[in-house]
Amino acid sequence: YVPMAEKELLKLCHDATIQYPSIHKICAVHIVGDCPVGQASVILVASSPHRKDAIHCIEYLINELKARIPIWKREVYQGDEGSVWKENMEWRQGKRERVMTREDCSSS
């Protein structure tokens with residue numbers, strides 16, 4: 001659900017500026033739609049006068065994004081008539097578990 005994910009991503013960026021006050025700007029982008037294997041699905045950028053602060057902020061952002069943002073992905077397998085919907089492992093109601101639902105691609 002894109003509007004909810006966008007709202008949570010904005011909140012996450014705001015939280016990061018509180019956690020890392022030296023950060024001047026943050027950019028967070030997550031792909032919507034098809035993402036070929038090997039391509040980036042998320043891009044995170046933080047600017048700061050101090051490299052170490054920016055690196056720690058990016059680490060915080062990616063960890064919290066995986067834990068807090070409700071993002072699902074559908075993996076479609078070559079040579080297989082099915083696919084799997086995957087939820088972020090860390091996001092599932094605060095429990096570290098992965099949810100996968102197998103479905104037939106021919107019905108979609």
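1. pLDDT is the predictor's confidence in each residue, on a scale from 0 to 100. This note concerns a predicted model, in which local features need pLDDT of at least 70 and side-chain atom pairs count only at pLDDT 80 or more, while totals for chains, interfaces and linings use all residues. Residues are numbered from 1 along each chain as its sequence is written, and side-chain values use heavy atoms, with hydrogens and water left out. The mean pLDDT of the protein is 79, and 78% of its residues reach 70 or more.

2. The secondary structure comes to two helices and five strands, where helices (H or I, at least four residues) and strands (E, at least two) are DSSP runs, numbered from the N terminus. Read along the sequence, these elements follow the pattern α-β-β-α-β-β-β.

3. Of the 108 residues of the protein, 24% count as buried; buried means under 20% relative accessible area, exposed over 50%, and partly exposed in between (1.4 Å probe, protein chains only). Among contacts between residues at least 6 apart in sequence, 36% join residues at least 24 apart.

4. Helix α1 covers residues 2-19, and its 18 residues should span 26 Å at 1.5 Å a residue, which agrees with the 25 Å between its end C-alpha atoms; the expected span is 1.5 Å times one less than the number of residues. The buried residues of α1 are A5, L9, L12, C13, D15 and A16. Seen down the axis of α1, these buried residues fall within an arc of 165°, so they line one face of the helix, the arc being that of the directions from the helix axis to the C-beta atoms. An α-helix has 3.6 residues a turn, so residues three or four places apart point the same way. On the other side of α1, K7, L10 and I18 are exposed, whereas what covers its buried residues includes β1 (25-30) and α2 (51-68).

5. Helix α2 can be read in the same manner. Its 18 residues should span 26 Å at 1.5 Å a residue, and its end C-alpha atoms are 25 Å apart, which agrees. The buried residues of α2 are A54, C57, Y60, L61 and L65. Down the axis of α2, the buried residues fall within an arc of 130°, so they line one face of the helix. R51, K52 and I55 are exposed on the other side of α2, while the cover over its buried residues includes α1, β1 and β2.

6. The axes of α1 and α2 come within 10 Å and cross at roughly 145°; axes are lines fitted to C-alpha atoms, for helices over the stretch in contact, and angles run from 0 to 180 degrees between N-to-C directions. The contact is made by L9, K11, L12, C13, D15, A16 and Q19 of α1, together with C57, Y60, L61, E64, L65 and R68 of α2.

7. Y60, found in helix α2, is buried, with a relative accessible area of 16%. Leaving aside its neighbours within four places in sequence, Y60 is in contact with L12, D15, A16, Q19, Y20 and R68. Y60 and Y20 are 40 residues apart along the chain, and their C-alpha atoms are separated by 9.5 Å.

8. I55, placed in helix α2, counts as exposed at 53% relative accessibility, and its C-alpha atom is separated by 9.3 Å from that of V45, 10 residues apart along the chain. T17 lies in helix α1 and counts as partly exposed at 33% relative accessibility; T17 and C57 are 40 residues apart in sequence and 8.4 Å apart in space, C-alpha to C-alpha.

Key
Contact = heavy atoms within 4.5 Å.
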